[in-house]
Amino acid sequence: MSEEIMNSEVDELLEFEDDEIYQLPSGNVLSPFDTYSIMATEKSCFTVIMGATGSGKTTLVTSIYQQFLSNKRETEFIFAGSRTLLAFEERARYTRTASNRSEAKTMRTPSGSIEDILHLRIKNNKRNKVINLLLSDFSGEDYDGVKANIESAQQDFSIVKAAKKIIVIIDGKNIAEIRSRHSEIQKSINILKTFCDGNLTHSEADFILLISKSDLIKDEITNDFLSSIQKKFVGQIPKIEGKVTIMNVAAMPSDITKFTVGYGIAKLIDELVKENKHCRAKIDTTRLRSQFNLWGDFSVGK
């Protein structure tokens, strides 16, 4: 066979029609606009994770991702894809031995990352149903900047009103110290209160109070202890009453002989995929004219 004929056949194999070319996701974090197509086509849950600097927000989203990479089957859900794999891997690398670090630590989210969203598509094997988890990875510095400042929160964090699940992280390291316990709990209350008072939480949103690094306070995690924290939140933010759950996790425990890596994450995932406690009748989305409607009304004061 002549070289000319061979080259001609190779050229034919390399020819593609336009409709055979697919645009693959970049793998980077999504913007709110990027999530519209996901929410319009499949069941989705947008979760905002609130917390002060260093409380463990990025560690949490990384641990949720890594839960599906392990061989554990603590939940009935399995990994079914992600449009932000690169972003997850960048965050997860710091927790692995390949990072050459002596301790497992996650990267710090830079300030100004107010619209960074991570995506996980998971499948319920028993019911053969798919749900998309959309998880915020906002900076702790940005939360610190709007604490007790309703106008700033309304200006910078209007996206929070789209969330049907809101996780408020309470730093277990500060809870472990008696002298800093009250201030840590109050700091977390103030962050959530700012958004509730500014009418920046969805009327149907469920709230999860999540104590991170619970391996550091393992002896004090009792039902009475958790109940007392929940009562403090409800006492200062009455609108969350009946819609709040309190949990504890140890995503990267210092002593793995007492707490497994990712302790409590599987239960948290189960909570995230549950139907909301006060969900109104479902909207007939076939009549809606734009994806904006599916997110709900972001405007402040409505």
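Angles under 35 degrees count as roughly parallel, over 145 as roughly antiparallel, 65 to 115 as roughly perpendicular and the rest as oblique. The model is predicted, with local features requiring pLDDT of at least 70, side-chain atom pairs pLDDT 80 or more, and totals for chains, interfaces and linings using all residues. Residues are numbered from 1 along each chain as its sequence is written, and side-chain values use heavy atoms, without hydrogens and water.

**Exercise 1.** Determine how helix 3 and helix 4 are oriented to each other.

*Solution.*
1. Helices are DSSP runs of H or I with at least four residues, and strands are runs of E with at least two, numbered from the N terminus.
2. The axes, lines fitted to C-alpha atoms over the stretch in contact, form angles from 0 to 180 degrees between N-to-C directions.
3. For helix 3 (residues 57-67) and helix 4 (residues 85-92), the axes come within 9 Å and cross at roughly 115°.
4. Helix 3 and helix 4 are therefore roughly perpendicular to each other.
5. The contact (heavy atoms within 4.5 Å) involves residues including Tyr-65 of helix 3 and Phe-88 of helix 4.

**Exercise 2.** Identify the pairing of strand 1 with strand 4 and with strand 5, and state how far strand 1 is enclosed.

*Solution.*
1. Pairing requires at least two DSSP bridges between two strands.
2. Strand 4 (residues 129-136) pairs with strand 1 in the parallel sense over 4 bridges; there, Asn-132 is the bridge partner of Ser-44.
3. Strand 5 (residues 165-170) also pairs with strand 1 in the parallel sense, over 4 bridges, and Val-168 is the bridge partner of Met-50.
4. Buried means under 20% relative accessible area, exposed over 50%, and partly exposed in between (1.4 Å probe, protein chains only).
5. In strand 1 (residues 44-50), 6 of the 7 residues are buried, so the strand is largely enclosed by the rest of the structure.
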